[in-house]
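Reader: Could you show me how to read a model like this one? I would like to start with its helices.

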Amino acid sequence: MAPPPSEDDGSTSSRTPLIPAPPPRRAVTRLNPLALLVAAAFAASYHLLVAPSPSYYYSLFLSLGSNDTAAAHLRALTLRPHLAGTEANARAAAHVVSALSSLNFPTRVAPYSVLLSYPIHRSLSLSAPGRGTTPFALVQDTYPGDPYAAVSAKAVPTFLAYVSSGSVAAEVFYANYGRPEDFAHLASRGVNVTGKVALARYGKVYRGDIVINARNAGAAAAVIYTDAKDYAAGKAFPDGPWMPPTGVQIGSTFKGVGDPTTPMWASSEGCERMSVAEAMATDDMPQIPALPVSGRDGEAILQLIGGDVAPEDWQGGDGAPVYRLGPGPAVLNLTYAGNETMATIQNVISVIEGKEEPERYIILGNHRDAWTFGAVDPNSGTAALLELAHRFSELQKKGWRPRRTIILCNWDAEEYGLVGSTEWVEENRAVLTSRTVAYLNVDSAVYGAGFYVSATPQLDELLKEASKQVQNPDNETESLYDLWMASDSSSLIGRLGGGGSDYSAFVQHIGIPSADMSMGSGYPVYHSLYDDFVWMEKFGDPLFRRHVAVASIWGLVALRLSNEEILPFNYSTYAVELENGAIDINERLLGVPVSLSPLQKSIEEFKRAALKVDSELKALHTWKIWPFSRTNPLKVRDLNERLLMTERAFTEREGLSGRPWYKHLIYAPSLHDDYGAQVYPGVDDAIQMAEMTNTSESWRSVQHEIYRLARVINQASLVLSGGLT
């Protein structure tokens, strides 16, 4: 993107000359050097005494949280279903534009024409010998008193985006969660799946991987259902938070990122494009028909599948029928007709220009589009973004202006494959790569209780420090940090290797330090008709305190990144993360002809670079009287450049083998689960292939990937230390 506009002159018809005319000559008065020093000291001291400190604005920001503001925005955004590419979502975009513009933040819409997918016709019926044929309604029922019953008719019918159109009538088999190991188990049990219909349940891997795994196993079609064991373990909505019997999880099955017609480049006006047919024929598309169904429909199918009894860990919960593998004797007759069409999406971009370093960006992002009403996913995040923006506006009225530029982004078409954010990053790649300090993502701000964070490791300490200043929304005597540390999660801070949200293009494509945060980590009515304001008000966040808490830590981290003279990054944590990843890889390579020595040496070098930076930071912090940039501006600038550019060095131009869009060699999605975060993904991909083929060539490929990984870590060490070989 272009540099943020100047507040001094909104004119585009004339520009200030790059080299101003020299001032008239004046008589020169020579001043005593000591007098100059005293004057400078007074000026600096006066500035420090008169101007409020950053911590003043941090405290003020935290005091301005408004439950009512967050609730009002969420209610307005979720009045109707608003799928990407529809008029309803354009109206939601207009709400965001209006809200941000009313705060006097320069705001614009960045549109893109992209390939989206909508259903035209769907049908599914079940038949078995002596049982006749049972058609499925494929409808999510409303409930008595549902305030959204009338507008629910405008919701998109249950479907899976980008699956192939077609009709299949064949015996059905049960594939558990549809993972590669599940299909391998079926093969080991002698279950013939070729030409059959796979029935799999949601829960462990990305739905697109389920369908593609079924295709790769030879299935002709797939059906995915929400098993009561995972999604209906208590009272169903509206009496409880769990999925109703007719609830269906809708979603995309595209394995790629961004607009399918413009892989690797931006979907800008007049750009080169693949045809729709070419885009639909890539390996990132399922290439077979598929449908999602409810738990009730899934159970009806399971009752008529025969064959061997499925393993114990493939079975359902209490009261479920015995799950068998099949295939048959039940037959599913599935028909799907889709419309893959070019549609316009709208990103909303709003800028708060920095004062001292306007060319440095801190970017906050959330997406707006939803499969249905989207009260949790994603508009709890949109409401938090707008509540946070309101607080920034109040700070401005008190004289605040960030040192660095803050950019607020509301993405479109995330649900289809991170489309809006990816296109914007691809279009602005060179500028973003050179100027962005960090990207802070909130997809769904509130799922429920608990605090969850994923981040690139240099942000770990900053996130912990910020959480200590934010109140636990569920316990006024504790901080968010206390809640976080009490978590029973195996890892307090996750990593951003998964492809689940809009941080993907920033981290995995161009190497920007990033974080993603939320209250809660999952909810039963995900992507269903029941993700509405009523669910949020009754079960997700009745008092909207959790929305305020997420907005508080999101904004506080942004304020610190935008205002502190020296970027609050800590790469010692990153060194530990690299070392832990190497330990995991080493355990998988015991007894094979592969050496980890190049990787281990590169990590040691990175640890030395991190220690060097730590010592430089400590030295600067000993000068407490002067602002750092006043005493040694070049040193501060150099140090900040190294801190923000180190993450870029973990990327490689060629990208992962077979997955070139993913440039980051430390973090990317797992090859067989787009939601799964993988450390050292290139090495992991190569090991998986070598374990399957066990050839000398495949193990040489593992060694090659280890060398590639070592090279980017060495590059990162050089950037961080600021030296040349």
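Author: Happy to; we will look at one helix, then a helix pair, then a loop residue. This is a predicted model, in which local features need pLDDT of at least 70 and side-chain atom pairs count only at pLDDT 80 or more, while totals for chains, interfaces and linings use all residues. Residues are numbered from 1 along each chain as its sequence is written, and side-chain values use heavy atoms, with hydrogens and water left out.

Reader: Which residues of helix H10 are buried?

Author: Buried means under 20% relative accessible area, exposed over 50%, and partly exposed in between (1.4 Å probe, protein chains only). Helices (H or I, at least four residues) and strands (E, at least two) are DSSP runs, numbered from the N terminus. In H10 (residues 295-302), the buried ones are Asp297, Gly298, Ile301 and Leu302. They lie on the same side of H10, because they cover an arc of only 140° around the axis, taken from the directions from the helix axis to the C-beta atoms.

Reader: How are H20 and H21 oriented to each other?

Author: Axes are lines fitted to C-alpha atoms, for helices over the stretch in contact (heavy atoms within 4.5 Å), and angles run from 0 to 180 degrees between N-to-C directions. Angles under 35 degrees count as roughly parallel, over 145 as roughly antiparallel, 65 to 115 as roughly perpendicular and the rest as oblique. H20 (residues 572-588) and H21 (residues 597-621) pack at about 165°, with axes 9 Å apart, and are therefore roughly antiparallel.

Reader: Where is Ser595 found?

Author: Ser595 sits in the loop between H20 and H21. Ser595 is partly exposed, at 33% relative accessible area, and touches Gln703 and Ile706, not counting residues up to four places away in sequence.
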